[in-house]
Protein chains: 2
Amino acid sequence: MPSCPLLPLLPRRRPPPSPLLLLLLSRSLHSSPPELDLSHPTLVVWGSNTGVGKTIVSAGLAASVLSPSSPNTATFLYLKPVQTGFPRDSDSRFVYRKVSDLFRHRLGGFSAQLLASNHALKASVPAAREVLGARTERPGEEGEEASTGLCCYEETRVGTGESTTGDFKLVCKTLYGWKEAISPHLAVEREGMAVEDSSLREVLGRLLNSSMGGGGDRRKENVWRVIETAGGVASPGPSGSIQCDLYRPFRLPAVLVGDGHLGGISTTLSAYESLTLRGYDVIAIILADHGLSNEIPLLSNLRHRVPVLVLPPVPEDPLNDLVDWFCESSKAFSSLQDLVQSTHSKRIQRLHDMPRKAGNILWWPFTQHKLVPEEIVTVIDSRCGENFAVHKVRNDREMIVRQFDACASWWTQGPDFALQIELARDMGYSAARYGHVMFPENVYEPALHCAELLLEGVGKGWASRTYYSDNGSTAIEIALKMAFRKFLLDNEMLMDSGNGISSERCIELRVLALNGSYHGDTLGAMEAQAPSSYTGFLQQPWYSGRGLFLDPPTIFIHKEIWNLSVPESFESDQLKPEDMRFSSSDALFCPSRDSSAIAGIYSAYISNQLLQFSKLSCSTQIGALIIEPVIQAAGGMHMIDPLFQRILVRECRNRRIPVVFDEVFTGFWRLGKESAAELLGCVPDVACFGKLMSGGIIPLAVTLTTEAVFEAFKGDSKLMALLHGHSYSAHAMGCTAAAKSIQWFRDPFTNPNVEFKEKKLKELAP
Amino acid sequence: MPSCPLLPLLPRRRPPPSPLLLLLLSRSLHSSPPELDLSHPTLVVWGSNTGVGKTIVSAGLAASVLSPSSPNTATFLYLKPVQTGFPRDSDSRFVYRKVSDLFRHRLGGFSAQLLASNHALKASVPAAREVLGARTERPGEEGEEASTGLCCYEETRVGTGESTTGDFKLVCKTLYGWKEAISPHLAVEREGMAVEDSSLREVLGRLLNSSMGGGGDRRKENVWRVIETAGGVASPGPSGSIQCDLYRPFRLPAVLVGDGHLGGISTTLSAYESLTLRGYDVIAIILADHGLSNEIPLLSNLRHRVPVLVLPPVPEDPLNDLVDWFCESSKAFSSLQDLVQSTHSKRIQRLHDMPRKAGNILWWPFTQHKLVPEEIVTVIDSRCGENFAVHKVRNDREMIVRQFDACASWWTQGPDFALQIELARDMGYSAARYGHVMFPENVYEPALHCAELLLEGVGKGWASRTYYSDNGSTAIEIALKMAFRKFLLDNEMLMDSGNGISSERCIELRVLALNGSYHGDTLGAMEAQAPSSYTGFLQQPWYSGRGLFLDPPTIFIHKEIWNLSVPESFESDQLKPEDMRFSSSDALFCPSRDSSAIAGIYSAYISNQLLQFSKLSCSTQIGALIIEPVIQAAGGMHMIDPLFQRILVRECRNRRIPVVFDEVFTGFWRLGKESAAELLGCVPDVACFGKLMSGGIIPLAVTLTTEAVFEAFKGDSKLMALLHGHSYSAHAMGCTAAAKSIQWFRDPFTNPNVEFKEKKLKELAP
C-alpha cells in the first residue's frame with residue numbers, strides 16, 4: 001500500500017492547483033454574492049416582453065401583503081435595479097404611490113399605519129438634471145448630487161393609530177436610473193454611468209441582506225422582497241449582458257408576467273423556457289386578460305407544471321387611478337401571495353429535510369457513512385460556474401452561501417458560468433433533436449463532429465479512431481482489450497480456428513504499469529493497477545493485480561527547484577546531484593534528456609525488470625503498457641519523471657508492446673496543454689479521455705487509437721469485433737457537450753489560459 | 001457457447017415486442033412524414049412575436065430568388081399552412097402580389113417571364129362566405145365550395161419573352177383559412193374546421209414533395225420552398241399544439257424574424273431558445289431596424305453563432321407599395337438567399353460525406369467493420385419519438401426518410417415525442433442549475449428526488465438505499481461488491497485487523513448464476529456470467545467465469561400455450577405433461593405453483609448443485625445469486641420459468657446467500673410492470689436498473705439495496721466503505737431525466753399502457 005494519502009478517500013483535501021486552475025480561480029466574471037439571507041419570501045418579477053405589466057403586478061403583490069386588514073404586519077422591500085426613462089418613468093415611485101393610495105383606500109375601520117418610502121440611489125447625469133429641474137415642482141423630494149447622478153428620497157405615512165414606527169412598511173428603491181426610455185445598454189452608451197454586472201449584483205445583494213434587519217425574533221418578522229427586472233427576460237442590462245444571465249447567481253424564485261395579447265402565448269412560453277434554461281424555478285405566471293383566454297393554452301402546454309393566474313383587463317386610460325382595478329384583482333394577488341408564501345415555506349422545509357433524507361436513503365461512493373453525521377452534509381442548491389450555492393442555517397437565518405468548488409467536483413467540472421449556460425442550451429437542443437440514438441452502423445452529427453475534434457486535437461499525429469463509452473473505467477477496459485489484441489497479432493499469438501481467428505486460453509496476459517497508478521473502479525481497470533488501499537479483498541474481492549508494477553522515479557518541487565527522486569532499486573549510484581535538480585519545468589521536460597546518463601539507467605532498469613518477468617513463466621506475457629502521463633492522480637498526485645515515462649514507451653515499442661495512456665485526469669488542459677502526451681513529448685497507441693472532456697456536465701469517455709490497432713480487429717467473423725458497448729450509444733448529448741467544451745477551450749477568445757490566449761491570438765494576427 | 005443468436009451481434013434482429021412496446025408502436029400522435037424530398041433549399045420562417053414581418057421576409061426572399069436579372073430561373077413555393085383573418089388577411093396573396101409587382105418593376109431590359117399563382121385550399125364556413133361575397137368584386141378568382149369552406153385560385157403572368165411555361169414560377173398556397181384574426185386554436189373553436197396536427201403535417205408533406213416535380217434532370221432545377229408559420233414560434237396551431245412542436249417532425253432549417261423594437265432583443269433571444277430546445281437549426285435571424293441596433297446585443301449574446309441580418313425600417317403607411325423598400329432591402333435579401341443556399345448545400349454535402357467519414361474515424365461497438373461498407377451506414381438526422389429521420393439518396397433525390405426504431409435503440413429508448421421535449425427542457429434546466437456536482441457527503445434535489453421515486457416504486461417494500469452510477473455494467477459490479485460483503489459478514493468471514501475489519505484473501509468468492517445470462521461488458525460484470533461468445537479469450541482475455549452456472553428451465557410460447565422446457569439434468573421423469581403447459585401467463589406466474597411437484601424438483605436440483613459445488617473446495621464459496629428476472633435479454637431473449645427463479649431465491653436465502661436482480665433490461669415497464677421483480681413475485685437484496693430508467697436519454701444506472709446490506713459497510717474505517725465511484729457524481733442531469741421519466745410512466749395520463757391507465761384512473765375516481 002502506498003503511504004500517500006488517497007485522494008478519493010479524502011475529498012476535502014486538495015493538491016496544488018494547475019496553472020489553468022489557478023487562472024480559473026482568479027476570474028470572477030460571474031461571481032455570485034457571498035451569501036444571501038433567504039429567511040423570507042424573495043422573488044424576481046420577470047416580463048415575457050416589455051410593457052406587459054410587471055410593475056402593476058409588483059404593486060398588487062405589495063398591496064396584498066401590506067393590507068390594513070391583514071392579521072400580520074409586514075415589511076415589503078421593492079427593488080428596481082435598472083430604470084430607464086427616469087425620472088419620468090419610475091416603477092418604484094409607481095409602487096410607492098399606488099400602494100400608499102390603496103392602503104389609504106382600504107383603511108376603513110382598521111387601526112393600521114403604513115410607512116412608505118421611495119428612494120433612487122443613482123442616476124445618470126441627464127436623468128439627475130431632470131430630477132433637479134423638477135424638484136421645485138415636487139415638494140417632499142430630497143436630492144444629493146453624486147458624481148454620476150443623484151440620490152433622491154421621498155416618504156409618506158398613511159393610516160391611523162398611535163404607532164410611530166409604522167405597523168406596515170414599504171421600502172421602494174430604484175438602484176440606477178437613466179433618462180432615455182430605451183434599453184439600459186443603450187442608455188449607458190448615450191448617458192454614461194456604466195455598471196458592471198458584478199457591481200450591480202453586489203449592491204443588490206447588500207440591499208437584500210440589509211432589509212432583513214438585525215436582532216429580535218426573526219421568525220416572527222414578516223418580510224417580503226421583490227426585485228423587478230427591466231423589459232423582457234432576455235433584455236440587456238446596463239453592461240449588455242441579458243438580465244436572465246445577470247441575475248442568475250441569485251437564482252431567486254421567478255414570477256413571470258405573461259402577455260394576454262395576440263402572440264402572447266408564444267412570448268410567454270418562450271420567456272418561460274429562457275428562464276428554465278438558466279435554472280430558474282418559475283413559481284407562477286400571471287397575466288392580464290385581453291379576452292383571448294391565453295391562460296388555457298398556456299396551462300395545457302405547460303402541462304399544469306406552473307400555476308397561471310389571470311388579472312382583469314388593465315384600464316388603458318392613463319387618468320384612471322386603478323383603485324377599482326386593484327380591488328377587482330385583490331383575489332388574484334392574494335392567490336399569488338399565498339403561492340409565493342407556500343412555495344417559499346416548502347423550499348425552506350425541503351432544504352432543512354434534505355440532509356436527513358439523504359442520510360436515510362442515499363449511498364455515497366467512497367464514503368464511510370458512519371463518519372458523516374447529518375450536520376456535515378452539504379445541501380447544494382445550485383452551481384454557478386466555479387461556485388456552489390449552498391444552504392446553511394446561521395443564527396436562525398436561512399442562508400444561501402457561496403462555496404468555491406475547490407476540487408472542481410473531484411476534477412470533473414470545468415466550465416465557467418458562460419460555458420455552463422451554453423452547454424445547457426446545447427444539451428436541450430441535442431436531447432430534443434436526438435434523444436437516445438443507437439450507434440453501431442449509424443452516424444449522426446454530434447458523434448462525428450466530436451470525433452473529428454478529438455482527432456484533430458488530442459489525437460493529432462497518431463490517432464485515427466474514436467471509441468465512445470460512459471466513463472474512465474470503461475474507456476480503460478476498452479483500451480486494454482485493444483492493446484491486448486494488437487499484442488497478440490503482432491506477436492503471432494492469434495491462431496486460425498474454424499470460425500475465424502482465435503487464440504489459446506493458455507496465454508496469460510499482463511500489463512506493465514507503475515506503482516501508485518490508478519485507472520478506475522471496475523474490475524478490469526482495477527486489475528491493471530498496482531495493489532493499493534483500493535484493491536484489498538474487502539474492497540474488491542476479485543482483484544488479483546494482473547501486472548508487472550514498477551517503482552517510478554518521481555519529481556517533487558522544493559524552493560522552486562524540481563527535484564528528482566529515484567527509487568533505490570535503480571542502482572543509481574553513478575547519478576550526480578546535478579542530474580537530479582532542474583531549475584524549470586522546461587529543463588525537466590527537455591527532449592535532450594533522452595540521451596543523458598540517466599536515460600541509460602532507466603533503460604537498463606526497465607530491460608532488466610522485463611527480463612526477470614519473462615523468466616517467471618513462458619505463458620505469461622506483458623501485453624500492454626499502461627501509464628498516467630506526467631501525473632498519477634488518484635494515487636496521490638505524484639509527478640513522475642517524464643524521461644522515465646518516455647523511456648518506458650520506447651522500451652515497450654521496441655518489444656512490440658502497445659502503449660496505453662490514461663489521460664482521464666490529465667486530458668483537456670489540466671496541465672496547460674490539451675493532452676499530457678503533448679507535454680510528455682511522445683504518443684501512445686491507445687489513449688483514454690473523460691472527465692473534463694464533456695465539460696464535466698454529462699458522463700462521456702473516449703478511447704482513441706491508431707489505425708493499426710483498429711485493423712487488428714478486422715476480419716470475416718463478427719466475433720473478431722471489439723465486443724464492448726454498454727448503452728451502445730455515442731450519447732448524442734455527451735458528444736454535443738464534448739464538442740462544445742473542446743471548442744470553447746481551443747478558442748483563444750474563451751479559453752481562460754492567458755499564455756494560450758496570447759500565443760493563439762498572435763497566430764491569428766495577420 | 002449457447003446456440004441461440006446473440007442479440008448485440010445481430011442488431012437488425014428483433015425479439016417479440018412486449019405489450020408496452022406494442023402500445024408504443026400503435027401510437028402515432030407525433031407521426032413524422034414518411035419521407036421528404038430535401039434536394040432543394042427548404043425552410044420555415046418563424047416570428048419572434050406576431051406582427052414582426054414574417055411575410056415581408058418571405059416576399060423579399062421570393063423576390064430575390066425570382067429576380068429577372070438572375071442568371072438562373074427558379075420555382076418558388078410559398079406555403080402558409082394556417083391563416084387567420086382570412087380572406088381579408090392573406091399572407092400568400094401578399095407574397096403573390098408583391099413578388100409579381102416587384103418582378104414587373106425590375107424587368108427592365110431582361111427577357112424573362114414569371115408565372116405566379118395563389119391558391120387557398122380550405123377555408124372555414126365564415127371565411128368562405130366572405131370570399132364568395134367578395135368574388136364579384138375581384139375578377140380572376142375561381143371558387144369551389146367544400147364541406148367546410150372553399151377553394152380559391154388566382155394566377156398572373158408577368159414579363160416579356162416567348163416562353164409559355166414561364167421562366168420563373170411562383171406558387172403561393174394557403175392551406176387553411178379562418179375568418180377571425182385571432183389565434184388559430186380560438187378560430188377553430190369559433191368557426192369550426194378542426195385540423196389534427198397529423199393531418200396538417202400530411203397535407204404539408206404532400207405539397208412539399210409534389211413541388212419537386214418529376215422527371216428531367218433534377219439537379220438543374222432550382223426550386224425553393226418556404227413555409228411561413230402563424231404568430232410567434234410558440235403560438236398555438238389549430239389543434240392547440242404550439243407550432244414549434246407541430247412542425248418539429250420536419251425539423252426544417254429555420255429563419256427567425258426578430259423584433260427590432262424595444263423589448264425585441266428579449267423576445268428574439270427567447271424565441272431562438274424555444275426553437276433550439278426543439279432541435280431546430282436556426283440558420284439566420286433577420287429583423288427590421290427601428291433605430292435601436294438590436295442586432296448588436298443579439299449577435300454578442302448569441303456569440304456570433306447565428307448571422308443576424310438587418311432590414312431597413314418598414315414604412316408604416318399602409319398605402320405605401322413597398323417597392324422602394326424592397327429595392328433598399330435587396331442586398332439583405334440577397335445575403336439571406338446566399339446564406340440559405342450555402343447552408344443547404346453544406347448540409348447536403350455533410351450528409352453525403354458522413355458515412356465515409358464515419359467509416360474512417362469511428363469505431364462502433366459490437367461491430368465487425370469489415371462487414372459494414374459505406375453504403376449500409378445509416379445517417380441519422382434526428383429522432384422524433386419512436387422514429388428516426390434518416391438521410392437517403394433515391395433516384396438522385398436527397399430524401400429524409402422516417403425509420404421506425406424497431407429495437408428501441410437496443411432497448412434503451414423509451415420516450416415518445418412529448419416526453420422527449422419535456423426531457424430536453426428539463427435537461428437544459430438541470431445543466432444550467434447544477435452543471436456537474438460532486439456527490440459524496442452532498443445532497444441536491446435531483447439526486448434525492450430520483451432516489452425517493454425509485455424507493456417508492458421499483459424498490460417498494462424492500463429497498464432503502466440508492467447507489468448511482470453510469471451504466472448497467474457498473475451497477476452490476478457495485479451490486480456484486482455489496483452482495484459479497486453482506487455474505488462475508490453474515491457468514492462470519494470478516495475478521496478484525498489492526499486498521500478495522502479485514503478478511504482473508506484465501507477465500508474465493510463465486511456467484512450462482514444461470515447459463516445464457518448476460519450482465520454487461522466490464523470485466524467484473526462479465527465474470528458473473530456464464531461462458532458465451534462474448535467471453536472468449538479473443539473478446540475478453542481476462543475472463544475466467546467466476547460462477548456456478550446452472551441450466552435453467554425455459555418457457556416458449558407455441559399456439560398460445562406457454563410451454564415449459566426442463567433441461568435433462570433435472571431428472572424430471574416424474575413430470576406430467578399437464579405440469580408443463582400453461583394456458584395463460586397468469587397460470588405460469590401463479591404463486592400457488594410454489595407448492596407444486598415441480599417446485600420440489602427444482603429445489604432438489606438446486607440443493608444438489610450447491611452441495612456438489614461445496615465439495616470441490618472449502619475455500620471457494622458462493623457469495624451471491626445473480627439473475628435477470630423473467631427474461632434473459634442479451635443472451636437471446638429467453639424466458640426463464642418464474643417458479644425456478646423463485647425457488648432459486650428461496651434456496652439462496654436459506655443459505656444466507658444475498659440475491660441480486662439484474663433489471664437493467666427488464667426494469668421500468670418493459671414487461672408491463674414497473675419492475676420484473678413485481679411480476680416474478682419475490683424481492684432481491686440488491687437490484688440494478690438502467691436503460692429505460694432515464695428515458696434512455698442520458699447514461700444513468702442505479703443499484704438499489706436493503707438497509708441490512710448498507711449496514712454491512714458501516715464501520716470506523718473509511719476502508720470499510722464501498723469504494724466505487726467513477727465520476728463520483730449522481731449526475732444532476734441523469735437524475736432529472738430519470739425522475740421525469742419515472743413520473744411520466746407512473747402517471748395514467750401520460751403512460752401509454754391502456755390496462756395500466758384504466759386501472760389507475762379507476763383508483764383515482766372517487
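**Strand pairing and the chain A–chain B interface**

Trainee: To start with the end of one sheet, how do strand 22 and strand 23 of chain A pair?

Mentor: In this predicted model, strand 22 and strand 23 of chain A are paired antiparallel, with two bridges between them. A:Trp562 has A:Phe582, in strand 23 of chain A, as its bridge partner.

Trainee: And what joins strand 22 to strand 21 of chain A?

Mentor: Five bridges join these two strands of chain A, which run antiparallel; strand 22 covers residues 561–565. One of the residues to look at is A:Thr554, whose bridge partner in strand 22 of chain A is A:Ser565.

Trainee: Which residue has a positive phi in that hairpin?

Mentor: That residue is A:Lys559, with phi near 50 degrees. The hairpin of strand 21 and strand 22 of chain A has two residues between the strands.

Trainee: What stands opposite A:Thr554 in strand 26 of chain A?

Mentor: A:Ile640 does. Strand 21 (residues 554–558) and strand 26 (residues 638–640) of chain A run antiparallel and are joined by two bridges.

Trainee: What is the strand order of the whole sheet?

Mentor: The order is 23-22-21-26-25 in chain A, an open sheet of five strands with antiparallel pairing. Strand 23 (581–582) and strand 25 (631–632) of chain A each have a single partner strand, so each has one side without a neighbour in the sheet.

Trainee: Turning to the sheet of seven strands in chain A, what is the order there?

Mentor: That open sheet has the order 16-29-28-27-24-19-20, and its pairing is mixed. Its edges are strand 16 (465–469) and strand 20 (547–550) of chain A; each has a single partner strand, so one side of each lacks a neighbour in the sheet. On average, neighbouring strands of this sheet are turned by 25 degrees against each other, direction ignored.

Trainee: Parallel or antiparallel for strand 27 and strand 28 of chain A?

Mentor: Parallel: three bridges join strand 27 (residues 659–662) to strand 28 (residues 686–689) of chain A. Within strand 28 of chain A, A:Val686 is the bridge partner of A:Val660.

Trainee: Which helix packs on that sheet?

Mentor: Helix 17 (residues 597–616) of chain A does, touching strand 19 (508–514), strand 20 and strand 24 (620–627) of chain A. The direction of helix 17 makes about 150 degrees with that of strand 20 of chain A.

Trainee: Changing topic, how many residues are in contact between chain A and chain B?

Mentor: There are 183 residues of chain A in contact with 183 residues of chain B. The two chains bury about 15900 Å² between them, with 61% of it on carbon and sulfur atoms. A:Trp363, A:Glu441 and A:Trp542 supply 7% of the area that chain A buries against chain B, more than any other three residues.

Trainee: How many salt bridges and polar contacts cross the interface of chain A and chain B?

Mentor: The interface has 20 salt bridges, and 86 residue pairs are in polar contact between chain A and chain B. Helix 12 (residues 417–434) of chain A gives the largest share of the side of chain A that touches chain B, 13 residues. That side of chain A divides into 90 nonpolar, 57 polar and 36 charged residues.

Trainee: Which residue of chain B forms a salt bridge with A:Arg303?

Mentor: B:Glu422 forms it, and the closest N and O atoms are 3.2 Å apart. Another salt bridge has the side chains of A:Arg433 and B:Asp381 meeting at 3.2 Å, N to O. This pair runs from strand 12 (residues 378–384) of chain B, where B:Asp381 lies, to helix 12 of chain A, which holds A:Arg433.

Trainee: Which strand of chain B is joined to strand 12 of chain A?

Mentor: Strand 15 (residues 442–443) of chain B is joined to strand 12 (residues 378–384) of chain A by two bridges, and the two run parallel. A:Thr378 has B:Asn442 as its bridge partner.

Trainee: Last topic: where is the cis peptide bond to A:Pro87?

Mentor: The cis bond joins A:Phe86 and A:Pro87, with omega about 5 degrees. A:Pro87 is in the loop between strand 3 (75–83) and helix 3 (91–106) of chain A. In chain B, the bond from B:Phe86 to B:Pro87 is also cis, with omega near 5 degrees.

Methods:
Residues are numbered from 1 along each chain as its sequence is written. Chains are lettered from A and ligands numbered from 1 in the order in which they are written. This is a predicted model: local features need pLDDT of at least 70, side-chain atom pairs count only at pLDDT 80 or more; totals for chains, interfaces and linings use all residues. Side-chain values use heavy atoms; hydrogens and water are left out. Contact means heavy atoms within 4.5 Å. Buried area is the accessible area (1.4 Å probe) that two parts lose on being put together, summed over both. A salt bridge is a side-chain nitrogen of Lys or Arg within 4 Å of a carboxyl oxygen of Asp or Glu. A polar contact is a pair of N or O atoms within 3.5 Å; within protein, one must be able to donate a hydrogen and the other to accept it, and residues adjacent in sequence count only if both atoms are side-chain atoms. Helices (H or I, at least four residues) and strands (E, at least two) are DSSP runs, numbered from the N terminus. Ala, Val, Leu, Ile, Met, Phe, Trp, Tyr, Cys and Pro count as nonpolar, Asp, Glu, Lys and Arg as charged, and the others, Gly among them, as polar. Two strands pair if DSSP finds at least two bridges between them. Axes are lines fitted to C-alpha atoms, for helices over the stretch in contact, and angles run from 0 to 180 degrees between N-to-C directions.
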